[in-house]
Amino acid sequence: MTELQGALAELLALLIPVECVCCEVEDTVLCGVCAQNVRHLCKQPFRAEQESPSLVDVNGIATLQVVAAGAYRDELARCLLSFKRSGQWRLADVLAPCLAKAVESAIGGRTGFLLVPIPTNGRAYRKRGFSPVHLLLLWVRLRRLLPHCASIDALQKKRSWPMDRLPTAVFHMLTGRLADVLPGRESLVQGNGQKGLGRGERARRVRGSMRVRRRRIKDIRGRECILIDDVLTTGATLAEAARAVKAAGGVVCGAVVLAATRPPAYAPFAAEDDPHGVIKTQSKNKWLKDE
Ligand SMILES: [Zn+2]
């Protein structure tokens, strides 16, 4: 924290009373103890795709390798949730280095990767006015946390309402009506958000929803890309992003997320133990060769 940032934070604390987003101690948006706990939760990045049904095939082989900075729990979950709501720089100051560390673990000292952030959906963007992942990557760049990796805002959500979703929408309208009269059908009418949706439904919703911006296609064609997202759940969003980047000619080497909601039950994969990094390049990686 620079002196100016510190002074501004103190001034703001006087004007607008704040409290720690984790423990509610006053005068700071994230206290030193909780910041330390966030860093501790992200101490050992781990491989996380195995618990995400959209990222493994029927044989249990990963279709996209994902490294998570930490498990989505305790201070990390509260800090990230709060950051997604408000985007406070103090939270970014703690979260961005955790993300950068996970990327370092994934690439293992190699260089030349393009970091590709996952776009926020339009509704969330309009509500918040910013994209948390883009903000974190901006922080990574401003702090020069990953000087050997460039980030590129290549992906976008398709704006038009795809006609191939019409049958699904009609189905939802009908089942929505049915849910009013049938007990136990509530799960079919979850509204527009993805929370609470099962694997299949979530995957169907995001399939074909992203594309690479036309002016960015030449920048990612043939380049090794790493997808960046904040939270990993079923992996449907990452799978769709990987599809879009590959369709535009990019080489998707893997993904890095800040937190995984379903961390593996076994001890975290010791990413730092592997001198070559967790995410393998095309030549070393079986699943990439299979495409
Ligand atoms: Zn605290």
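Me: What share of the 291 residues of the chain counts as buried, and by what rule?
Reply: Of the 291 residues, 47% count as buried. Buried means under 20% relative accessible area, exposed means over 50%, and partly exposed lies in between (1.4 Å probe, protein chains only). The model is a predicted one, in which local features need pLDDT of at least 70 and side-chain atom pairs count only at pLDDT 80 or more, while totals for chains, interfaces and linings use all residues. Residues are numbered from 1 along each chain as its sequence is written, and side-chain values use heavy atoms, with hydrogens and water left out.

Me: Why are C20, C23, C31 and C34 called donors of the zinc ion?
Reply: Donors are N, O and S atoms within 2.8 Å of the metal (3.2 Å for Na, K and Ca); water is not among the atoms, so sites may look incomplete. The SG atoms of C20, C23, C31 and C34 lie 2.3 Å from the zinc ion, and they therefore meet this rule. Along the sequence, the donor residues follow the spacing C-x2-C-x7-C-x2-C. C23 sits in the loop between α1 (3-15) and α2 (32-41), whereas C34 is in helix α2, 11 residues apart.

Me: What makes the arrangement around the zinc ion tetrahedral?
Reply: Four donors count as tetrahedral if all angles lie between 85 and 135 degrees; four count as square planar and six as octahedral if opposite donors are over 155 degrees apart and all others between 65 and 115; anything else is irregular. The 4 donor atoms subtend angles of 100 to 118 degrees, so the arrangement is tetrahedral.

Me: What makes a set of residues a nonpolar core, and which residues have the most contacts inside the largest one?
Reply: A nonpolar core is a set of buried Ala, Val, Leu, Ile, Met, Phe, Trp, Tyr and Cys residues joined through side-chain atoms within 4.5 Å. The largest such core has 45 residues, and L30, L95, L115, L136, I228, V256 and L258 have the most contacts inside it. Helix α4 (89-107) gives the most to this core, namely 12 residues.

Me: How do you know that α3 is close to its expected span?
Reply: Helices (H or I, at least four residues) and strands (E, at least two) are DSSP runs, numbered from the N terminus. The expected span of a helix is 1.5 Å times one less than its number of residues. For the 13 residues of α3 this expectation is 18 Å, and the helix reaches 19 Å from its first C-alpha to its last, which is close. After α3 comes G87, whose phi is positive, near 65 degrees.

Me: Why is the pair of F83 and F130 called edge-to-face?
Reply: Rings of Phe, Tyr and Trp (its six-membered ring) pair if their centres lie within 6.5 Å; planes under 30 degrees apart count as stacked, over 60 as edge-to-face and the rest as tilted. The centres of F83 and F130 are 6.3 Å apart and their planes make 65 degrees, so the pair is edge-to-face. By this rule the count is 1 aromatic pair. F83 lies in helix α3 and F130 in the loop between α5 (122-128) and α6, so the pair ties together parts 47 residues apart in sequence. F83 and F130 are both buried.
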